[in-house]
Amino acid sequence: MPRARIICIGNPYHPADWVGPAVFAELGGMPLGTDVEVVDGGLHGLNLLCLLDGMERVVFADTLLGDDEAPVDIAILEDPVAGHPALSFDHAGGLAFLLQAAPLVQHPLPRMWVVGAPAGADRALARPIARNCLELAHGRAQPH
Amino acid sequence: MGERRIVEVPLNRVEGDLEIRVAVEGGRIVDAWSAGTLYRGFENMLTGRAALDALVVTPRICGICTTTHLNAAAKCLDALTGVTPADNGIRVRNIALLAEHAQSDVRQAILMFMVDFANPAYADHPLFEQARARFEPLRGSSSIETIRETKRLIEVIAILGGQWPHSSFMVPGGVTNLPNTAELTNCRAVTGRFRRWYEKQVLGCSLERWAGVDSLAALECWLEEDPAHADSDLGWLLRLGRAAGLDALGAGCGNFLSYGLADMPADTTVTARGAGPSLVAAGFARGTQVSAFDQAHVGESIGASRYEGYEGLRHPLDGLTRPLPVADDGIRYSYSKAPRYDGAPAETGPLAEAVVGGEPLFTDWVSRRGADALARQVARLVRPARLLPVIDTWLAELVARHDEPFIVNPREKPDGEGFGLVNAARGALGHWARVQRGRIVGYQIITPTAWNGSPRDDNGARGPWEEALVGTPIADEGNPVEAGHVIRSFDPCLVCTVHAFDRRGRGSRFRVGGF
């Protein structure tokens with residue numbers, strides 16, 4: 001049984017939302033081991049909550065917004081819940097809603113990270129992002 | 001008469017892809033314009049692809065109604081291949097659909113609609129503190145319980161679809177995944193638990209007791225009959241909604257459209273409501289006068305839409321989706337087209353479904369008072385009361401008839417013209433396709449929010465929620481909660497978006513969608 005999941009978020013039909021689908025494709029060619037499962041999360045937000053069940057670690061791969069003035073290649077966000085007091089709770093609440101809802105209803109709560117890159121980043125980063133996700137999922141690496 | 005002013009209503013909390021402009025005069029909205037701000041383009045994306053690709057591509061249109069888009073695409077392919085699906089395949093499709101509807105209805109009501117009663121605009125109301133304790137986002141008791149319980153209902157779709165998310169189990173002729181009896185029993189346990197929670201928290205009574213509420217007078221008796229009724233989520237909706245005047249807001253265009261929901265298996269103990277081959281009837285109503293539905297009467301106008309290529313109304317099979325890459329000029333102001341039935345705008349959703357289906361409570365409500373924001377929301381919150389028992393019956397029938405086919409393999413390749421119509425949680429969803437030599441040469445999708453949030457048509461007629469906004473009082477233009485109630489009562493969903501994570505903590509989305 002898997003103890004960790006990598007959930008790749010994004011719309012494969014829109015190029016600017018490339019990170020999750022590209023990471024999903026990269027992970028398809030990597031040995032995952034028996035402890036890790038990879039899921040194409042698509043456009044789902046709160047409906048991915050059930051994928052946290054029974055997990056010790058969950059890594060979300062997604063396109064990142066923000067910090068245009070100080071662009072980064074790859075960002076690894078640990079404890080992403082605490083960093084998101086702002087809340088969108090319409091139909092497109094998405095990952096932020098999920099991350100804030102999870103501690104309220106998910107017991108025990110898995111350790112969670114968000115890993116990604118900006119939409120404008122080099123697509124060759126998909127492979128190192130995938131490797132980062134895998135290391136975190138296996139509990140073999142700390143973000144830095 | 002006051003000064004007439006144009007106000008941009010900050011409705012981003014309703015939907016980020018939606019912009020509402022209203023003209024306010026004397027503290028009331030006197031005109032309104034609804035604009036979908038982003039071009040979607042799935043129709044053009046499908047052109048040239050193999051017909052079966054629609055089963056994979058169209059569920060990606062929406063992260064909420066994926067199962068319903070899959071169902072519409074599968075029904076369209078049923079028609080294109082000339083196959084009648086196996087009874088068990090129909091049952092599995094229906095159970096997944098109804099589970100998605102029940103989940104969506106409760107989530108929208110508690111997590112998106114009721115939160116407005118925790119708005120500071122109501123701070124002086126005697127029920128405000130209690131309302132906030134119950135419905136404040138991610139803190140209110142009902143809010144948290146709703147997240148917890150609706151999460152489990154997804155398991156039904158996961159089991160029946162063989163995976164979650166992106167279950168692509170519906171295909172022409174039925175379904176590909178054959179759940180075993182243990183899995184079906186598990187589904188019954190999940191829905192049974194949800195039903196008990198729904199009865200206790202949402203209704204405050206049994207489904208059987210609620211089924212006896214068949215008029216506005218009976219609704220009053222029900223509300224006063226037991227403290228548990230008044231203290232249920234439904235009881236709170238009624239009490240808070242009346243206090244906020246929702247029963248006098250948002251009348252709309254007075255026309256109602258339903259495509260029907262859940263095709264009936266040939267042999268079942270479930271009884272269809274109303275005429276027709278589906279559990280929930282298809283039809284078109286002017287007021288409460290219902291007529292038979294014929295998809296040939298559906299047409300789309302682009303008179304006020306940011307598209308080019310034709311004038312007047314076009315049936316979707318003849319439709320064109322050619323976006324105009326120009327700025328909003330005030331005339332062509334939306335990337336939504338304007339769907340019309342027999343040339344008229346029509347609202348769609350749970351209230352429309354109830355009116356078309358002749359449900360006594362809502363027929364009485366609309367015939368006496370007309371539609372309003374409270375009626376729409378009550379219809380949505382109580383719809384699972386009708387669906388949950390049917391889910392259980394069809395699950396039991398699947399167990400009893402497990403040896404019967406789940407799929408009839410089509411003998412013909414998809415070709416010609418076809419359509420798949422079904423009510424999504426938010427209303428009428430249609431897929432129309434033209435296929436030649438196995439390839440899609442035309443695909444048009446009309447979503448529920450395209451109906452409800454449509455712009456004006458070639459004749460200048462407003463869309464349903466544009467019309468519903470007219471007459472709405474606005475006490476504070478900086479916090480137009482009244483307009484929010486009206487729009488949200490239609491359950492707008494423009495979530496054909498891509499999601500991205502904002503690491504600055506200012507949100508969660510990167511949008512590309514439209515209607």
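**At roughly what angle do the axes of helix H7 and H14 of chain B cross?**

**View 1. Helices H7 and H14 of chain B pack against each other.** Before we look, keep in mind that this is a predicted model. Helix H7 of chain B covers residues 181-203, and its axis crosses that of H14(B) at roughly 160°, with the two axes coming within 10 Å. That angle makes H7(B) roughly antiparallel to H14(B), since angles over 145 degrees count that way. H7(B) passes H14(B) in a left-handed crossing. On the H7(B) side, the contact includes Thr181(B), Leu184(B), Cys187(B) and Tyr198(B). Facing them from H14(B) are residues including Leu381(B), Pro384(B), Ile391(B) and Leu395(B).

**View 2. Helices H4 and H6 of chain B make another packed pair.** Here you can follow helix H4 (residues 87-113) and helix H6 (residues 141-161), both of chain B. Their axes are 9 Å apart and the helices pack at an angle of about 165°. H4(B) and H6(B) are therefore roughly antiparallel to each other. The crossing of H4(B) and H6(B) is left-handed. Have a look for Val92(B), Ile95(B), Ala99(B) and Val106(B), which are among the H4(B) residues making the contact. H6(B) contributes residues including Thr150(B), Leu153(B), Val156(B) and Leu160(B).

**View 3. Ile95(B) and Val156(B) sit in the largest nonpolar core.** As a rule, nonpolar side chains in soluble globular proteins tend to be buried together. The largest nonpolar core in this model has 144 residues, and Ile95(B) and Val156(B) touch the most other members. Helix H14 of chain B (residues 373-400) supplies the largest share of this core, with 14 residues. So what does Ile95(B) contact, once we leave aside its neighbours within four places in sequence? The list is Val156(B), Leu160(B), Ile391(B), Trp394(B) and Leu395(B). Apart from this core lies another one, of 49 residues, and Leu49(A), Val58(A), Ala75(A) and Ala96(A) are among them.

View 4. Start with strand S13 (residues 416-424) of chain B, which runs antiparallel to S14(B) and is joined to it by nine bridges. One pair to pick out is Glu417(B), whose bridge partner in S14(B) is Arg434(B). Is S14(B) buried or exposed? Nine of the 10 residues of this strand (residues 427-436) are buried, so S14(B) is largely enclosed by the rest of the structure.

**View 5. Strands S2 and S3 of chain B form a hairpin.** Strand S2 (residues 18-25) of chain B is joined to strand S3 (residues 28-36) of chain B by eight bridges, and the two run antiparallel. Ala23(B), for instance, has Asp31(B) in S3(B) as its bridge partner. Two residues lie between the strands, and Gly26(B) in the turn has a positive phi of about 60°.

**View 6. Three strands of chain B make an open sheet.** The strand order is S10-S9-S11, and the pairing is antiparallel. S10 (313-314) and S11 (338-341) of chain B stand at the edges, each with a single partner strand, so one side of each is left without a neighbour in the sheet. Strand S9 (residues 298-301) of chain B is joined to S10(B) by two bridges.

**View 7. Pro12(A) lies in a loop of chain A.** Chain A has three helices and five strands, and along the sequence they follow the pattern β-α-β-β-β-α-β-α. Buried residues make up 53% of the 144 residues in this chain. Pro12(A) is in the loop between strand S1 (4-9) and helix H1 (19-27) of chain A. Pro12(A) counts as partly exposed because it has 18 C-beta neighbours inside 10 Å. Now find Leu43(A): it is 31 residues from Pro12(A) along the chain, and their C-alpha atoms are separated by 9.5 Å.

Notes:
Residues are numbered from 1 along each chain as its sequence is written. Chains are lettered from A and ligands numbered from 1 in the order in which they are written. This is a predicted model: local features need pLDDT of at least 70, side-chain atom pairs count only at pLDDT 80 or more; totals for chains, interfaces and linings use all residues. Two strands pair if DSSP finds at least two bridges between them. Helices (H or I, at least four residues) and strands (E, at least two) are DSSP runs, numbered from the N terminus. A nonpolar core is a set of buried Ala, Val, Leu, Ile, Met, Phe, Trp, Tyr and Cys residues joined through C-beta atoms within 7 Å. A residue is buried if 20 or more other C-beta atoms lie within 10 Å of its own, exposed if 12 or fewer, and partly exposed in between; C-beta atoms are placed from the backbone. Two residues are in contact if their C-beta atoms, placed from the backbone, lie within 7 Å. Axes are lines fitted to C-alpha atoms, for helices over the stretch in contact, and angles run from 0 to 180 degrees between N-to-C directions. Angles under 35 degrees count as roughly parallel, over 145 as roughly antiparallel, 65 to 115 as roughly perpendicular and the rest as oblique. A crossing is left-handed if the near helix is turned anticlockwise from the far one by less than a right angle, and right-handed if clockwise.
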